[in-house]
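Biologist: Could you open the model for me and talk me through it?

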Amino acid sequence: AEAYLALAQRARLRRIPFVGHVPDAVPLEMAIDLRQKSMEHLFGLLKISTEKRPELFDRLRTFAVWQVPTLTLWQRDSSMRGSLEPAMELAGAMARAGVPMLAGTDTGDAGVEPGTALHDELELLVKAGLTPMQALQAATQEEERVAVLGEDDQLLVAVLGLAQDLPQPLELGLLAAGVDML
C-alpha cells in the first residue's frame with residue numbers, strides 16, 4: 001500500500017491520470033479517495049457484498065472512476081473462469097447504476113489477438129447487460145472522455161475523437177453478425 005500511495009501522490013502533484021489495477025492491500029475506498037481514474041479487471045470489486053454495491057457505485061459515479069471489466073480476461077484465464085458469471089453480473093449492475101465503463105482486452109497478454117479480442121469483449125459486455133450502444137461507446141467515445149492528456153497529446157485526442165464519426169454498426173446489425181473489422 002505504501003508504493004501505491006507514493007504513486008498516487010506523484011500523479012496528483014504532476015497532474016497526470018492515475019489508472020490501473022487496485023492492489024489487494026489497498027481498500028477500494030482508498031483508491032477512490034486518491035482519485036484513481038480507472039480500475040482494471042474488477043479486481044477487488046467482486047468481493048463487495050450486494051448490499052454495499054449501491055454506495056460503492058454512487059462513489060464510483062460521483063468521482064468518475066471508470067471501470068474496465070476486461071471480461072475476456074475472466075473468460076480466457078483458467079484460474080479465473082469460475083468467476084466469469086459473477087464478473088459479468090457485476091459489470092451489468094455497474095452499467096445499470098451509471099458507473100462509467102470502458103472496454104479493455106489486455107492486448108499485450110499472450111494469446112490475445114488485437115481486434116478479435118475487442119469484439120469478444122463487446123459481446124461479453126452486451127451479455128452482461130450493457131446495451132449494444134453502451135458497449136460500443138465503452139470502446140470508442142468513452143475512451144476520449146477518460147483521457148486526460150497534456151499539450152503534446154493533442155493528436156491523440158483528435159484520433160480518439162474520430163471514433164464518433166464511425167458509421168453506426170448497431171444500426172447495420174454488425175455486432176450480431178460477427179463483425180470482422182470496424
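This is a predicted model: local features need pLDDT of at least 70, side-chain atom pairs count only at pLDDT 80 or more; totals for chains, interfaces and linings use all residues.

Biologist: How many salt bridges does the structure hold?

Modeller: There are 5 salt bridges in the structure, where the term stands for a side-chain nitrogen of Lys or Arg within 4 Å of a carboxyl oxygen of Asp or Glu.

Biologist: What does arginine 59 pair with?

Modeller: Arginine 59 forms a salt bridge with aspartate 33, and the closest N and O atoms are 2.3 Å apart. This pair links distant parts of the chain, since arginine 59 sits in helix H3 (residues 53-62) and aspartate 33 in helix H2 (residues 28-33), 26 residues apart. Helices here are DSSP runs (H or I, at least four residues), as strands are (E, at least two), and they are numbered from the N terminus.

Biologist: Is aspartate 33 buried or partly exposed?

Modeller: Aspartate 33 is partly exposed, with a relative accessible area of 41%; buried means under 20% relative accessible area, exposed means over 50%, and partly exposed is in between (1.4 Å probe, protein chains only).

Biologist: And which residue does glutamate 89 meet?

Modeller: The side chain of glutamate 89 meets that of arginine 53 in a salt bridge, at 2.8 Å from N to O. Here too the pair links distant parts of the chain, with glutamate 89 in helix H5 (residues 84-96) and arginine 53 in helix H3, 36 residues apart. Glutamate 89 is partly exposed at a relative accessible area of 37%, whereas arginine 53, at 10% relative accessibility, counts as buried.

Biologist: Where do aspartate 109 and arginine 76 lie?

Modeller: Aspartate 109 is in the loop between H5 and helix H6 (116-128), and arginine 76 is in helix H4 (residues 71-76), 33 residues apart. Their side chains meet in a salt bridge of 3.3 Å, N to O. Aspartate 109 is partly exposed, with a relative accessible area of 34%, and arginine 76 counts as partly exposed as well, at 26%.

Biologist: Changing topic, which residues of H1 are buried?

Modeller: Tyr4, Ala8 and Ala11 are buried in H1. Seen down the axis of H1, the buried residues fall within an arc of 65°, so they line one face of the helix; the arc is that of the directions from the helix axis to the C-beta atoms. On the other side of H1, the exposed residues are Glu2, Ala3, Arg10, Leu13 and Arg14.

Biologist: What covers the buried residues of H1?

Modeller: The cover of those buried residues includes H2.

Biologist: OK, and what happens just after H1?

Modeller: Arginine 15 takes a positive phi of about 55° there, in the loop between helix H1 (2-14) and strand E1 (19-20). Most residues other than glycine have a negative phi. Arginine 15 is exposed, with a relative accessible area of 74%.

Biologist: What about phi of arginine 35?

Modeller: Phi of arginine 35 is near 65°, again a positive value in a residue other than glycine. Arginine 35 lies in the loop between H2 and strand E2 (38-40), and arginine 35 is partly exposed, with a relative accessible area of 37%.

Notes
Residues are numbered from 1 along each chain as its sequence is written. Side-chain values use heavy atoms; hydrogens and water are left out. Contact means heavy atoms within 4.5 Å.
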